[in-house]
Amino acid sequence: MFPIRDAENIQLGMFDKPLPCFGCGIGWFSFLLGFVFPLMWYFSAILYFGKYYNKDPRERSGLAACAIVAILFTIAVVIALLVYLL
């Protein structure tokens with residue numbers, strides 16, 4: 001089977017490939033792996049703010065979720081340190 005292509009719309013068959021990382025994309029894979037290794041959230045947040053999703057827009061939601069969780073994790077760590085040290 002050949003992918004559907006249109007001479008007028010070049011991007012139609014552009015995203016026929018499956019996403020990397022077991023088909024769920026770098027963002028969602030990093031989101032799940034971040035619960036074991038929180039540094040993965042920061043790695044994905046850097047990709048999100050570096051506009052990595054322009055290469056493949058399907059990555060945007062996972063990378064955005066990692067950026068949000070990285071911010072929440074940072075706030076939680078700062079509050080925990082303040083409570084512990086004060």
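**How the helices pack**

Tutor: Helix 2 and helix 3 cross in a left-handed sense. The model you are looking at is a predicted one, and its protein chain has three helices and zero strands, which follow one another along the sequence in the pattern α-α-α.

Two packed helices are described by the angle between their axes and by the distance between those axes. For helix 2 and helix 3, the latter covering residues 60–85, the axes come within 8 Å and cross at roughly 125°. That angle makes helix 2 oblique to helix 3. On the side of helix 2, the residues that meet helix 3 are Trp-41, Tyr-42, Ser-44, Ala-45, Leu-47, Tyr-48 and Phe-49, while helix 3 contributes Arg-60, Leu-63, Ala-64, Cys-66, Ala-67, Val-69, Ala-70, Phe-73 and Thr-74. Sorted by class, the residues of this contact are 13 nonpolar, two polar and one charged.

Helix 2 has another partner to consider. Helix 1, made of residues 25–33, packs with helix 2, made of residues 39–49, at an angle of about 155°, and their axes are 8 Å apart. Because angles over 145 degrees count as roughly antiparallel, helix 1 is described as roughly antiparallel to helix 2. Helix 1 also passes helix 2 in a left-handed crossing. Here the contact is formed by Ile-26, Ser-30, Phe-31 and Leu-33 from helix 1, together with Met-40, Trp-41, Ser-44 and Leu-47 from helix 2. The classes in this contact of helix 1 with helix 2 are six nonpolar, two polar and no charged residues.

The buried residues of helix 1 are Gly-25, Ile-26, Gly-27, Ser-30 and Phe-31, and they pack against helix 2 and helix 3. Once neighbours within four places in sequence are set aside, Ser-30 is in contact with Met-40, Trp-41, Ser-44 and Cys-66. Across the 86 residues of the protein chain, buried residues make up 27%. Among contacts with a separation of 6 or more, 48% join residues 24 or more positions apart.

Between helix 2 and helix 3 there is a loop, and Lys-51 lies in it. Most residues other than glycine have a negative phi. Lys-51, although not a glycine, has a positive phi of about 60°. Its relative accessible area is 46%, so Lys-51 is partly exposed.

Finally, the helices can be set beside what the database says. An unreviewed UniProt entry lists residues 26–50 and 62–85 under "transmembrane region". In this model, residues 26–50 are 76% helix and 0% strand, and the C-alpha atoms at the ends of that span lie 14 Å apart. Residues 62–85, in turn, are 100% helix and 0% strand, with end C-alpha atoms 34 Å apart.

Terms used: Residues numbered from 1 in each chain as written. Predicted model: local features only at pLDDT ≥ 70, side-chain atom pairs only at ≥ 80, totals over all residues. Heavy atoms only, no water. UniProt positions renumbered as here; feature names shortened; annotations may be inferred. Helix = DSSP H or I, 4+ residues; strand = E, 2+ residues; numbered from the N terminus. Axes fitted to C-alpha atoms, helices over the stretch in contact; angles between N-to-C directions. Parallel < 35°, antiparallel > 145°, perpendicular 65-115°, else oblique. Left-handed = near helix turned anticlockwise from the far one by under 90°. Contact = heavy atoms within 4.5 Å. Nonpolar A, V, L, I, M, F, W, Y, C, P; charged D, E, K, R; others polar. Buried < 20%, exposed > 50% of the residue type's maximum accessible area, 1.4 Å probe, protein only.
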